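Subject: Structure handover

Hello,

Here is the structure I promised to pass on. Please open it and keep it beside this note as you read.

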Amino acid sequence: MTMLPKILVLLCTFLPGKIAESSVKPLRYNLTILTRLDSEGARNQFEGIASIDIEATKSTRFINLNSRDLNVFRKKTWLLRWASGRKIRALELKKNDKEPDVIMLVLELPLKFGETYTLNMFFSGDLDRQQEYGYFAGHYDETPKVFYSMTHLEPDYAHTAFPCFNDPHFRTPYHITMVHDRKYVALSNMPPIKETPYDEIQNYVSTTFMGSPPLAAHQVMWTLHSLQNVYSGPTAAGENITIWSRPHLAESLTKVAEMSPNLFSKYETLFAHPLPKGPDWGGKLDHVVVPRYTEMYSGHGMMVYGEDKVDSGQKGLESLQEMLAELVARQWNGLLVSPSDMDEMYVRDGINYYLSFHVMSMEKEAYNMTQLLRTRLDVLNSDSLGKEKSIDTDVREAGHQKFRKNKMCLLTHMIKVAIGDKLFYKALQEFIRRYANSSALSMELWEEFQREARRNHQLPIGVSLSTVMETWLKQPGFPLLTVQRNDARQKVTIRQSRYNQIKLNFSSKDCWWVPVVYIVKNLPLSQVEWLGCQRQKADILELEHIVNPEDWLLLNIDAAAPLRVLYDSYNLQLISKALLEDFKQIPELSRVQLVDDALSFAWSGLLPYDATLNLISYLSKETSALVWETALFHLENLQSIMRMTTGFRIFKLFMQKLIEPAFKATLKSLPTQTPKARTSSETATSTVSPETLTSEISPETPTPEIYPETPSTISPDTTKSETKTDLSLSALLYLPACQFEVKECLTDAQERFQSAMEQKSSSSIPEEIRETVLCRGIRNGLEEHWIMVRDMYFEAENENEKRILLNSLSCTTEYWAMQKLLSWALDPEKVPSTLTAGLLISVLRSSLGYFVGKQFLIDNTEEILLRKDLKSILSPFINAMTTKAEFLEMKTHLHKNLPSAMSSSIESMLEPALDRVIWRSTLYFDLLKAIRDLTLEDGPKNSAVASS
């Protein structure tokens, strides 16, 4: 090689998963993939030929392209010059150790500028991969195993499936042919046009697909499977929908055919831009529902998701629609316009997740804010521990990927609140129109929002949305806004710092650009001011003459930004007083945040428990399911520690007083026994009376989590309407009411359980309260009841029903039954891996389960270490700890048995447990004292608590 080419090669800089400076431009791909799947014990493998038509953008002997984890061969790599038909050999395939995703082809003759060539490469690879990306194989059913293979090429895994120019700017047509065993169904982005026998291998066929419209490499999809066609039919628009799944899901998936075109229509309205249609675009959409698959993936002509996303009942249909709404959004924001930088896929996913809320709320008005606030709760809880990295950090781990999407969803909402709904959607529509059938950077989207906002005077000149987003994307955590009133000078001072739940003395220079959205009493129209961050130094925002001394002030209206607000004691007293007098004068979303922030601050020691309990004491009158759901999320955390202490009785009586009035007001909205009427004599034959139930229940009684995934019906209007009492609220309160021994709940649960056992079916119990009813019944019932529910579990086909029955079995007080449950936990024939973590959480709630569970962990550590779901299995054991001794014992055990490479992961997993240990050692007695003080103020009727 001469010196000049060497210098040119050195000057090229490469990015992982991309090519730096291409000397050619791909024009079209012809891919032939032969897949050897389930080949009698041999490894699952594939091989193929990539024939790529390319245009030389300059005269060169070097071609850089992407390939990783593939076998490519110099002797089976060549080019064909179109102008002369001459074959050009590859002299060398060079790999770069620093950039393993890139290979360089050294050619015997230089390519001529502007001419067209066909690059032919033979390649092969393994389908058996630990991670489900690239082109991989999976299986379900153990005897015998049923195999499938599929691609998942996002964000930058296309080059692990076939050699390519893995740059999202390159969009080219794809012509795909799959060679495979005839027992499998082959699917790709486009419909098949012919299937012919493949003579070289017995029982193999060759399936050729229609050529695709221009696609980026990561948008290509194909799969082989043995699933059944459970639905096929045209939509009103003429496109054909086909659903592939196992037969038992056919009924649950019938609504997909209705949901899909409906969602496409809604998004077409939202984006104000129709998707390209016509014969050249395929006109089909395959839904592939894969067992034991936890991802969801959408591309041109195909959607792939796991069986866990499909469930029966109303909740299951809503969950399925949620997922489809997110996948359909990708057809515009992801396929029509794709990210220019593949590291920014999380921005696309977060925006689409947020847009799915909006589309779902078109049918169910309350859905938007309900999902948003649930997402907010998850993000703030996780991001406050300090373990999370910035969402700009690309860590290919499922938990972090979910966190990135969720936080980006909240930031999308922040932009919408800051510039207004109308301008937000107008800018989004312009973005789709401007970049349709191409790719764009997230910065270009921020600029579109900014242009629209500036044009309508909704964004100050000194605020750059690109700078705003950079402060949120490139640093971890979120801000704590501290509000200090000076009524003598009629001034409010707002400062920011990074919030850390564990380290109160945490020092950080991190700061954010924050839209401060506020209202005051009697002035419900929200105002927006910006709190700045200049050169990593936070500004101080001073507002003058905005609130009268006797009026309360509320910040972060409409949950505008993912942050917490700490008010001074005077403003907090005004808010607490207003809640007690008439809680509806405080907007519903603000009540959610007030309860969330107060309980979070008390947990971390920022706010005394007496102030916190004073604020939440109004909850006995609260009618919003979403406010209650937020409160119970935190109270469950307290309960899980308090039940293991001598102070549980005091805590239980406080909770009983808080929940009982609200529960009694909603109990009538629960459906009565439907299968058959109960007579008084039948009721009298129950195994245990309500009085016996109350006297026998101990602090260790295992119960389902207080924080269920029950859909709430909350009005998104923060200033006008309020949630009416409905089934959602009554179902939400049913668990804590029974858990804290509200007699009406115990009586109702006992009657429902007895009726179910007489019918040998749990279907008479409403699904929302089924686990609670079964749990209470098993806890106080007979051995035959446990066996009956066990049999129901093994007979159930629906995964959600299996989950409910399995978790309720953990409420047993029998040692042998608890041991049997744990013996099933690691046996996939008894308990699917998707239910293992939930079972362990349920088992470890009781002292018996915790005792048996610790020994189970010690005895089965080696087997657990080999599982893919290692972290989800260890998490329940870690989160059950409350004392320093337990914490140190677990830490020693993990460091001793886990590989040293996992040291940082161990510390990250242990962080929530350390948080619980710190709380118990420092704030446990503060909570008990605050409960006593509060109940003493309420008078003699609470003397039972006061004397405890």
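Is C409 buried or exposed? C409 has a relative accessible area of 0%, so the residue counts as buried. Keep in mind that this is a predicted model. C164 is also buried, with a relative accessible area of 0%.

**Disulfides**

Three disulfides turn up in a search of the whole structure. Counting bonded cysteines along the chain, their pattern is 1-2, 3-4, 5-6.

C511 is bonded to C533, with an S to S distance of 1.9 Å. The torsion about this S-S bond is about 60°, so the disulfide is right-handed. C511 sits in the loop between strand 23 (491–498) and strand 24 (514–520), while C533 belongs to strand 26 (residues 533–534), so the bond ties together parts that are 22 residues apart in sequence. C511 counts as buried because its relative accessibility is 2%. C533 is buried as well, at 11%.

C738 is bonded to C745, S to S 2.0 Å. The torsion here is -90°, and the link is left-handed. Both cysteines, C738 and C745, are buried.

C775 is bonded to C811, S to S 1.9 Å. At -100° about the S-S bond, this link is left-handed. It connects distant parts of the chain, 36 residues apart: C775 is in helix 19 (residues 767–780), and C811 is in the loop between helix 21 (799–809) and helix 22 (815–825). C775 and C811 are both buried.

**Aromatic rings**

There are 37 aromatic pairs. Two are worth a look.

W603 and W919 have ring centres 5.2 Å apart and planes at 10°; with planes under 30 degrees apart, the pair is stacked. W603 lies in helix 11 (residues 588–604) and W919 in helix 28 (residues 903–922), 316 residues apart, so look for distant parts of the chain linked here. Both W603 and W919 are buried.

F651 and F740 are set otherwise: their centres are 6.0 Å apart and their planes stand at 75°, so this pair is edge-to-face. F651 is in helix 14 (residues 648–666). F740 is in the loop between helix 17 (727–739) and helix 18 (743–759), 89 residues apart from F651. F651 is buried, at 1% relative accessibility. F740 is buried too, at 0%.

One aromatic cluster is formed by Y29, F46, F123, Y135, F162, Y174 and W222. Charges also sit over rings. K76 lies over the face of F122, 4.4 Å from the ring centre.

Which order do the five strands of the open sheet follow? The order is 15-16-17-19-18, with mixed pairing. Strand 15 (228–234) and strand 18 (296–299) are at the edges with a single partner strand each, so one side of each has no neighbour in the sheet. On average, neighbouring strands are turned by 10° against each other, direction ignored.

Strand 16 (residues 240–245) and strand 17 (residues 284–290) run parallel and are joined by five bridges. Within this sheet, T242 stands opposite D286 in strand 17. Helix 2 (residues 256–271) lies across strand 15, strand 16, strand 17 and strand 19 (302–306). The helix runs at about 135° to strand 16.

Best wishes

Notes
Residues are numbered from 1 along each chain as its sequence is written. This is a predicted model: local features need pLDDT of at least 70, side-chain atom pairs count only at pLDDT 80 or more; totals for chains, interfaces and linings use all residues. Side-chain values use heavy atoms; hydrogens and water are left out. Two strands pair if DSSP finds at least two bridges between them. Helices (H or I, at least four residues) and strands (E, at least two) are DSSP runs, numbered from the N terminus. Axes are lines fitted to C-alpha atoms, for helices over the stretch in contact, and angles run from 0 to 180 degrees between N-to-C directions. Contact means heavy atoms within 4.5 Å. Rings of Phe, Tyr and Trp (its six-membered ring) pair if their centres lie within 6.5 Å; planes under 30 degrees apart count as stacked, over 60 as edge-to-face and the rest as tilted. Buried means under 20% relative accessible area, exposed over 50%, partly exposed in between (1.4 Å probe, protein chains only). A charge sits over a ring if NZ of Lys or CZ of Arg is within 6 Å of the ring centre and within 35 degrees of the ring normal. A disulfide is a pair of cysteine sulfur atoms within 2.5 Å.
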